[in-house]
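Hi there,

Here is the structure I promised to send you. Have a look at it first, and then read on for what turned up in it.

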Amino acid sequence: MNERFLQLSDVAEILNISSSQTYALVRSGELPAIKIGGRGQWRVERSELEAYIQRAYEQTRAFVLANPLGRGETLPDEEFPGLHG
């Protein structure tokens with residue numbers, strides 16, 4: 001079954017980031033979430049995660065257009081492992 005709400009650990013796995021990075025996205029308001037239950041567990045609605053991903057694509061597209069790769073400039077290995085020889 002496709003769950004409506006995701007735990008922060010699920011979001012971290014989907015985005016391939018750490019749990020602390022996911023928590024920071026939620027606490028900053030960048031990724032909308034709700035806090036539920038007596039223990040205050042965070043949940044992210046699947047549609048909010050998809051909207052966040054779409055915004056990230058749009059922001060990245062704008063960045064790439066504003067900052068084109070210059071001639072002779074190489075990609076940093078740490079961001080794109082395996083692309084260089």
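Let's start with a pair of helices. The axes of helix 1 (residues 8-15) and helix 3 (residues 46-66) come within 12 Å of each other and cross at roughly 35°. That crossing of helix 1 and helix 3 is right-handed. Where do the two helices meet? Helix 1 brings Val11, Ile14 and Leu15, and these meet Leu49, Tyr52 and Ile53 of helix 3.

Now for the wider view. Please keep in mind that this is a predicted model. The protein has three helices and three strands, and along the sequence they follow the pattern β-α-α-β-β-α. Of the 85 residues in the protein, 16% are buried. If you take the contacts between residues at least 6 apart in sequence, 40% of them join residues at least 24 apart.

Is Arg43 buried or exposed? Arg43 is buried, yet it has no salt bridge. Asp10 is the nearest side chain of opposite charge, and it is 7.1 Å away.

What does the side chain of Arg43 make a polar contact with? Its partner is the side chain of Gln41, at 2.9 Å. Leaving aside neighbours within four places in sequence, Arg43 is also in contact with Phe5, Leu6, Gln7, Ala33, Ile34 and Ile36.

Happy exploring!

Best wishes

Note on methods:
Residues numbered from 1 in each chain as written. Predicted model: local features only at pLDDT ≥ 70, side-chain atom pairs only at ≥ 80, totals over all residues. Heavy atoms only, no water. Buried < 20%, exposed > 50% of the residue type's maximum accessible area, 1.4 Å probe, protein only. Lys, Arg positive; Asp, Glu negative; His and termini not counted. Salt bridge = Lys/Arg side-chain N within 4 Å of Asp/Glu carboxyl O. Polar contact = N/O pair within 3.5 Å; in protein donor to acceptor, adjacent residues only side chain to side chain. Contact = heavy atoms within 4.5 Å. Axes fitted to C-alpha atoms, helices over the stretch in contact; angles between N-to-C directions. Helix = DSSP H or I, 4+ residues; strand = E, 2+ residues; numbered from the N terminus. Left-handed = near helix turned anticlockwise from the far one by under 90°.
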